[in-house]
Amino acid sequence: MRSLGPASGRNPPVERWNPPHCGDIDMRIAADGSWHYMGSPIGRMPLVKLFASVLRRDGETYVLVTPVEKLGITVDDAPFQAVEMAVDGEAGSRGIAFRTNVDDLVTVGPDHALRFEIAGDGALKPYVHVRRGLWARVTRALAYDLLALGEVRDVDGEAMFGVMAGGAFHAALPASAIDGLASEGPA
């Protein structure tokens with residue numbers, strides 16, 4: 001598979017930290033993957049990567065966690081964006097790797113599944129699991145490339161459209177819904 005280059009360093013073991021919740025802070029991850037503090041974009045990528053490394057999802061809540069405190073933040077859609085994709089092989093032996101906007105590298109497989117949602121406007125939104133319940137939304141440009149790999153397969157007696165990668169079929173939607181989706185494209 002074509003390499004996406006080196007990944008950022010390993011992330012801290014935030015899943016093992018259980019500090020007290022100290023409230024919420026005015027930090028937001030916008031739907032486009034940009035990070036904001038008190039309404040202003042955070043322009044320093046090393047700082048964004050630091051915050052991303054201590055991000056955790058507790059149920060439906062996103063928090064920044066250190067060994068001594070936990071602070072809630074707002075996430076508009078998914079905390080990360082999948083901004084680069086590499087594909088190797090065909091159908092049954094296909095490998096798909098993604099790089100996120102914070103330099104996480106993930107290869108679709110048992111620990112990094114694909115999932116799909118239908119947006120309010122009817123467009124298809126693909127996501128890839130990054131780590132510990134945190135997902136990256138596949139950017140619109142990559143979504144077109146990803147969906148071009150799609151095929152129809154029988155899943156429990158129903159014809160489903162999806163993508164084969166990492167040894168598994170990742171079903172997106174019933175094949176009968178493809179015609180309505182074609183006019184919308186990916187979100």
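Trainee: What does the side chain of Lys125 make a polar contact with?
Mentor: With the side chain of Tyr127, at 3.1 Å. Keep in mind as we go that this is a predicted model.

Trainee: Where is Lys125, and is it buried or exposed?
Mentor: Lys125 sits in strand E11, which covers residues 124–131. Lys125 counts as buried because its relative accessibility is 14%, and the cut-off for buried is under 20%.

Trainee: OK, changing topic to charges. How many salt bridges are there?
Mentor: The count comes to 13 salt bridges. As background, side chains of opposite charge can pair when their charged atoms come close.

Trainee: Which residue does Arg28 pair with?
Mentor: Arg28 forms a salt bridge with Asp76, and their closest N and O atoms are 2.4 Å apart.

Trainee: How accessible are Arg28 and Asp76?
Mentor: Arg28 is partly exposed, at 31% relative accessible area. Asp76 is partly exposed too, at 41%.

Trainee: And what about Glu117, which side chain does it meet?
Mentor: Glu117 meets Arg115 in a salt bridge, 2.3 Å from N to O. Glu117 is partly exposed with a relative accessible area of 32%, and Arg115 is partly exposed with 25%.

Trainee: What is Asp103 bridged to?
Mentor: Asp103 forms a salt bridge with Lys49, with 2.5 Å between the closest N and O atoms. Here again the pair links distant parts of the chain, 54 residues apart. Lys49 belongs to helix H1 (residues 45–53), and Asp103 lies in the loop between strand E8 (95–100) and strand E9 (105–107).

Trainee: Which residues are in a network of salt bridges?
Mentor: Lys49, Glu84, Arg99 and Asp103 are linked in one. Arg99 is found in strand E8, and it counts as buried at 10% relative accessibility. The side chain of Arg99 also makes a polar contact with the side chain of Asp103, at 3.2 Å.

Trainee: Let's talk backbone. What is phi for Asp103?
Mentor: Phi of Asp103 is near 70°, a positive value in a residue other than glycine. Met38 has a positive phi as well, near 50°. Met38 is in the loop between strand E2 (35–37) and strand E3 (40–41), and Met38 is exposed with a relative accessible area of 56%.

Trainee: Now the inside. How many residues are in the largest nonpolar core?
Mentor: There are 40 residues in the largest nonpolar core. Those with the most contacts inside it are Trp35, Leu55, Ile73, Phe98 and Leu146.

Trainee: What does Leu146 touch, leaving aside its neighbours within four places in sequence?
Mentor: Leu146 is in contact with Met85, Ile96, Phe98, Leu114, Phe116, Pro126, Val138 and Val163 on that basis.

Trainee: One more topic: how much space lies in the largest pocket?
Mentor: About 220 Å³. Among the residues lining the largest pocket are Arg10, Asn11, Pro12, Pro13, Asp104, Val106 and Arg131. Strands E9 and E11 each supply at least two residues of that lining.

Trainee: Is Val106 buried or exposed?
Mentor: Val106 is buried, with a relative accessible area of 4%. Val106 is found in strand E9. Not counting residues up to four places away in sequence, Val106 touches Ile96, Ala97, Phe98, His112, Val128, His129 and Val130.

Trainee: How far apart are Val106 and Arg131?
Mentor: They are 25 residues apart in sequence and 8.9 Å apart in space, C-alpha to C-alpha. Both Val106 and Arg131 belong to the lining of the largest pocket.

Trainee: Great, thanks for going through it with me!

Terms used: Residues are numbered from 1 along each chain as its sequence is written. This is a predicted model: local features need pLDDT of at least 70, side-chain atom pairs count only at pLDDT 80 or more; totals for chains, interfaces and linings use all residues. Side-chain values use heavy atoms; hydrogens and water are left out. A salt bridge is a side-chain nitrogen of Lys or Arg within 4 Å of a carboxyl oxygen of Asp or Glu. Buried means under 20% relative accessible area, exposed over 50%, partly exposed in between (1.4 Å probe, protein chains only). Helices (H or I, at least four residues) and strands (E, at least two) are DSSP runs, numbered from the N terminus. A polar contact is a pair of N or O atoms within 3.5 Å; within protein, one must be able to donate a hydrogen and the other to accept it, and residues adjacent in sequence count only if both atoms are side-chain atoms. A nonpolar core is a set of buried Ala, Val, Leu, Ile, Met, Phe, Trp, Tyr and Cys residues joined through side-chain atoms within 4.5 Å. Contact means heavy atoms within 4.5 Å. On a 1 Å grid over the protein atoms alone, a cavity is a set of points where a 1.4 Å probe fits but cannot get out, and a pocket is an open set with protein on both sides within 12 Å along at least five of seven lines; lining residues have an atom within 4 Å of a point. Grid points are joined across faces, edges and corners, and a volume is the space filled by probe spheres set on the points.
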